[in-house]
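Subject: Structure handover

Hello,

Please read them with the model open.

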Amino acid sequence: GTALVTTPGTTPDSTTGSTSTGTDSSDSTGKRPAEPIAPSTEKAGKGGTLELVDDAVRIGMLLTVDKDHVYDVNSNGIFDGNENMTADEAIRRGYTHISTMFRTVDNNHFLRNEAIAALAALIQTFDAAAGTDKPFLVEGYTAASADVTSSFVTGNVLKLRIFENDATYGLNYNGFKVSLNGEMVTYDKWFEATAAKYGFIYEGLVGDENNAAGQLRYVGTIHSSGIKEAGSLTAYIDAIKAGTITYAVVGEDTWKLSYVKFSQSDSIGHYTVVLVGENATYTISGDNKEGLIVAVKVENAQ
């Protein structure tokens, strides 16, 4: 069971399943939108070969979590070490607005470091478009409400509300709008259009009209626009498996996308060998099912 990932000498275009980053936000407020954070990547060595054990299927930002694919946070230990950030830690690191981010929930709510950094950039851009600082609330993973069938246990899913004042909050306002490319749109529509540029899937509004929160999932900028175009994480992964989505374009960088099914058995356990290319820049995520989504930067790939 050896699985190889190679990149043919072809150029991505609209017919080969390329994806690009999302809608930009224009504003006339004088505030500066934030740039998306760079993708979190790794560098291969001289051989360009990775040997991955079966835990790799349950690690990454593209995990399917539902009743058929549970994710036991206690067994998988996703919040070990420096992989997560509480409100207090975020404040110490100086992220804009983090002190208000958790203001009505306790500090036992967690997001992964990369997700919260990307969220800070997204909110800074929202403030630039809105023309004022809006206090906001985020609800993330909490051990008290852990559910092994909910994507919140990945540490990349959150609920977001924007506060106009103490009595008015949510994303589904009547009368509150924000500028998007010269047009005034609802907050909900702004996040729907803009989130992918910052590495998020916008999963829509949850809750009733007067208490609505926008649910976001951080997947990173390599994958976010492709998932948005495919319609769901499942459809995106299925399209990579089928070869109908083969590239992702992020700024000036192109990434070759492949799906690698994990080896089923070996005398010393489960493992799969992935060839990404000598000195390649790559990122890999498991799908919490049976394989890996591999993205290799084209200029470095074999």
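The second largest pocket has a volume of about 160 Å³. A pocket here is an open set of points on a 1 Å grid over the protein atoms alone, where a 1.4 Å probe fits, with protein on both sides within 12 Å along at least five of seven lines; lining residues have an atom within 4 Å of a point. The volume is the space filled by probe spheres set on the points, which are joined across faces, edges and corners.

This is a predicted model: local features need pLDDT of at least 70, side-chain atom pairs count only at pLDDT 80 or more, and totals for chains, interfaces and linings use all residues. Residues are numbered from 1 along each chain as its sequence is written, and side-chain values use heavy atoms, without hydrogens or water.

The lining of that pocket includes Leu63, Thr64, Val65, Glu203, Arg217 and Lys228. At least two lining residues each come from strand S11 (200-206), helix H6 (224-230) and helix H7 (233-242). Helices (H or I, at least four residues) and strands (E, at least two) are DSSP runs, numbered from the N terminus.

Now the backbone. Most residues other than glycine have a negative phi. Asn279 has a positive phi, near 60°. Asn279 lies in the loop between strand S15 (271-275) and strand S16 (281-286). Asn288 also has a positive phi, about 65°. Asn288 sits in the loop between S16 and strand S17 (291-297).

Buried or partly exposed? Asn279 counts as partly exposed because its relative accessibility is 37%. Asn288 counts as buried, at 9%. Buried means under 20% relative accessible area, exposed over 50%, partly exposed in between (1.4 Å probe, protein chains only).

Best wishes
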